[in-house]
Amino acid sequence: MDDRTLLVLTLHGYGSNPEAMLRLSEMALGGDAIIAALRAPNQHYLSSGPLGTPVPGSQIGYNWGTTPHAALNIKLHHEMVRIISAELRARFRIPARHVVLMGFSQPVGLNYRFIGTHPEEAGGVIAMCGGVPKDWEEDKYARVEAPILHISRSEDEFFPEAVASRFPERLKAHAPNVEFHMMPGKHRFPSKAGALIRAFTDKLKAS
């Protein structure tokens, strides 16, 4: 660990878990970063019976909340990220400019809301297979100097290519430094994006 070391806070998608996200993030980032995989605060059974009851032996997945409680979900996400980031930055003596928010799917929009609300809390954002908040263009968000790497998939079932292709321009409403890639494939963690991610983090290390 040295003055180039990054602290990457990586957040898993709906129904997944931090162990899976940590493994995928380690492969994508390589071995020279401190990686902290956060677990979403809500749990649910991944399989259920006809009445919504859990199937015996069903695995448990975690999620970042549901639409009816969006405001509470956003607040809790912000609190979790700020508290965990502060603890780890103090422990490893990492400056805020070397903190990276990394997310797959559901937490992507939450991470954008976080950096738009607390732009001083991170020096970079990596977003994969997620969306831009519907209210992103509003004045409630601050200017984001942190570079953003957004990776979408051409056959994404939740964020179609026609929608995702507009993300770079939308993001630039508050974030001028956006790198966007459309990779082939469906709504899955882009396992072949490692070279893009490492090139992005190499630039952050030099900052």
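Trainee: Which residues form one aromatic cluster here?
Mentor: Tyr 112, Trp 136 and Tyr 141 make up one aromatic cluster. Keep in mind that this is a predicted model.

Trainee: How many aromatic pairs does the structure hold?
Mentor: There are four aromatic pairs in the structure.

Trainee: Take Tyr 112 and Trp 136. How are their rings set?
Mentor: The ring centres of Tyr 112 and Trp 136 are 6.0 Å apart, and the planes are at 50°, so the pair counts as tilted.

Trainee: Where do those two lie in the chain?
Mentor: Tyr 112 is in helix 3 (residues 106-117), while Trp 136 is in the loop between strand 6 (124-128) and strand 7 (148-153). The pair therefore ties together parts that are 24 residues apart in sequence.

Trainee: Are Tyr 112 and Trp 136 buried or exposed?
Mentor: Tyr 112 and Trp 136 are both buried.

Trainee: What about Phe 159 and Phe 167, what do they form?
Mentor: Phe 159 and Phe 167 form an edge-to-face aromatic pair, with 6.4 Å from centre to centre and 65° between the planes.

Trainee: And is each of these buried or partly exposed?
Mentor: Phe 159 has a relative accessible area of 24%, so it is partly exposed. Phe 167 has a relative accessible area of 3%, so it is buried. The cut-off for buried is under 20%.

Trainee: Switching to helices. At what angle do helix 2 and helix 3 pack?
Mentor: Helix 2 and helix 3 pack at about 70°, and their axes are 10 Å apart. That makes helix 2 roughly perpendicular to helix 3.

Trainee: Is the crossing of helix 2 and helix 3 left-handed or right-handed?
Mentor: The crossing of helix 2 and helix 3 is right-handed.

Trainee: Which residues meet there?
Mentor: From helix 2 come Ile 74, His 77, His 78, Val 81 and Arg 82. They meet Leu 110, Asn 111, Arg 113, Phe 114 and Thr 117 of helix 3. The residues of this contact divide into four nonpolar, four polar and two charged.

Trainee: How do helix 1 and helix 6 pack?
Mentor: Helix 1 (residues 18-29) and helix 6 (residues 194-205) pack at an angle of about 70°, with 7 Å between their axes. Helix 1 and helix 6 are therefore roughly perpendicular to each other.

Trainee: Which residues make that contact?
Mentor: Helix 1 contributes Met 27, Ala 28 and Leu 29, and helix 6 contributes Gly 194, Ile 197, Arg 198 and Thr 201. The residues of the contact of helix 1 with helix 6 divide into four nonpolar, two polar and one charged.

Trainee: Met 27 again. How far is its C-alpha atom from that of Ser 191?
Mentor: The C-alpha atoms of Met 27 and Ser 191 are separated by 8.1 Å, and the two residues are 164 residues apart along the chain.

Trainee: Where does Ser 191 lie, and is it buried or exposed?
Mentor: Ser 191 is in the loop between strand 8 (178-183) and helix 6. Its relative accessibility is 63%, so Ser 191 counts as exposed.

Methods
Residues are numbered from 1 along each chain as its sequence is written. This is a predicted model: local features need pLDDT of at least 70, side-chain atom pairs count only at pLDDT 80 or more; totals for chains, interfaces and linings use all residues. Side-chain values use heavy atoms; hydrogens and water are left out. Axes are lines fitted to C-alpha atoms, for helices over the stretch in contact, and angles run from 0 to 180 degrees between N-to-C directions. Helices (H or I, at least four residues) and strands (E, at least two) are DSSP runs, numbered from the N terminus. Angles under 35 degrees count as roughly parallel, over 145 as roughly antiparallel, 65 to 115 as roughly perpendicular and the rest as oblique. Contact means heavy atoms within 4.5 Å. Ala, Val, Leu, Ile, Met, Phe, Trp, Tyr, Cys and Pro count as nonpolar, Asp, Glu, Lys and Arg as charged, and the others, Gly among them, as polar. Rings of Phe, Tyr and Trp (its six-membered ring) pair if their centres lie within 6.5 Å; planes under 30 degrees apart count as stacked, over 60 as edge-to-face and the rest as tilted. Buried means under 20% relative accessible area, exposed over 50%, partly exposed in between (1.4 Å probe, protein chains only). A crossing is left-handed if the near helix is turned anticlockwise from the far one by less than a right angle, and right-handed if clockwise.
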